[in-house]
Amino acid sequence: MSSEIAELSRRIREPADRAEITDLALRGFAAIDERQRDPAGRPFDEAWARPSFTEGVRFDFPPGSFAGRADAPAIQSGIVDAFGLPQHLAGVPPIELDGDRARARWDAVHTHHHRDPGRGLFVSGGFYEAEAVRTPDGWRFRRMALHVSWTTGEPPAPDPELRALMAATLSPDA
């Protein structure tokens, strides 16, 4: 009987885990889009980062790589604030569960208006790869990478201060 209960528990837990990880992925895009629509609204801060990322999370994004939940809000603000209004569309991620670890991959299209309307749109498409871990507070991403497959339009100018902040998080002295 106990093996039947264990199997039933696994069958219930697996879809719940998949739903929580999917929500984790899609919630990130919603936060970006909502913040840019209402800059006086919810900021990128510890309250934004804690429910989504582990303390030592690693990000690999086109502007650069960085690590650590503590610096993620400032870096996310710097990346997002280079644009005006965005819209992010994401596919539902297939998720590979392995106990308290998971891997997810989802496609996305990112449409960004420039702050200067004369510059038009910058649009990119690609996919995210992420690793998540189960914590006492639920699933959290410990690694996330964006792989851009294509772009159209002009990207924002690189921000040297943002790149320096990103690099500092990867330094052994940081």
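**Briefing: a buried aspartate, aromatic pairs and a helix packing**

At 7% relative accessibility, Asp17 counts as buried (under 20% relative accessible area; exposed is over 50%, partly exposed in between; 1.4 Å probe, protein chains only). This is a predicted model, where local features need pLDDT of at least 70, side-chain atom pairs count only at pLDDT 80 or more, and totals for chains, interfaces and linings use all residues. Residues are numbered from 1 along each chain as its sequence is written, and side-chain values use heavy atoms, with hydrogens and water left out.

**Asp17**
- Asp17 belongs to helix 1, residues 2-37 (helices are DSSP runs of H or I with at least four residues, strands are E runs of at least two, numbered from the N terminus).
- Leaving aside residues up to four places away in sequence, Asp17 touches Leu97, Arg134 and Trp139 (contact means heavy atoms within 4.5 Å).

**Aromatic rings**
- A pair of aromatic rings is described by the distance of the centres and the angle of the planes.
- Rings of Phe, Tyr and Trp (its six-membered ring) pair if their centres lie within 6.5 Å; planes under 30 degrees apart are stacked, over 60 edge-to-face, the rest tilted.
- By this rule there are 10 aromatic pairs.
- Phe44 and Trp48 have ring centres 4.8 Å apart and planes at 65 degrees, so this pair is edge-to-face.
- Phe44 and Trp48 are both buried.
- Phe53 and Phe59 also form an edge-to-face pair, at 5.0 Å centre to centre and 70 degrees between the planes.
- Phe53 is buried at 7% relative accessibility, and Phe59 is buried at 2%.
- A cluster linked by ring pairs holds Phe44, Trp48, Phe53, Phe59, Phe61 and Phe66.

**Charge over a ring**
- Arg105 places its charged end over the ring of Phe127, 3.9 Å from the ring centre (the rule asks for NZ of Lys or CZ of Arg within 6 Å of the centre and within 35 degrees of the ring normal).

**Helices 3 and 4**
- Helix 3 (residues 72-80) packs on helix 4 (residues 160-170) at about 150 degrees, axes 10 Å apart (axes are lines fitted to C-alpha atoms over the stretch in contact; angles run from 0 to 180 degrees between N-to-C directions).
- The two helices are therefore roughly antiparallel (over 145 degrees; under 35 is roughly parallel, 65 to 115 roughly perpendicular, the rest oblique).
- From helix 3, Ala74, Ile75, Gly78 and Ile79 meet Leu162, Leu165, Met166 and Thr169 of helix 4.
- Helix 3 is largely enclosed by the rest of the structure, because 7 of its 9 residues are buried.
- Those buried residues are Ala72, Pro73, Ile75, Gln76, Ser77, Ile79 and Val80.
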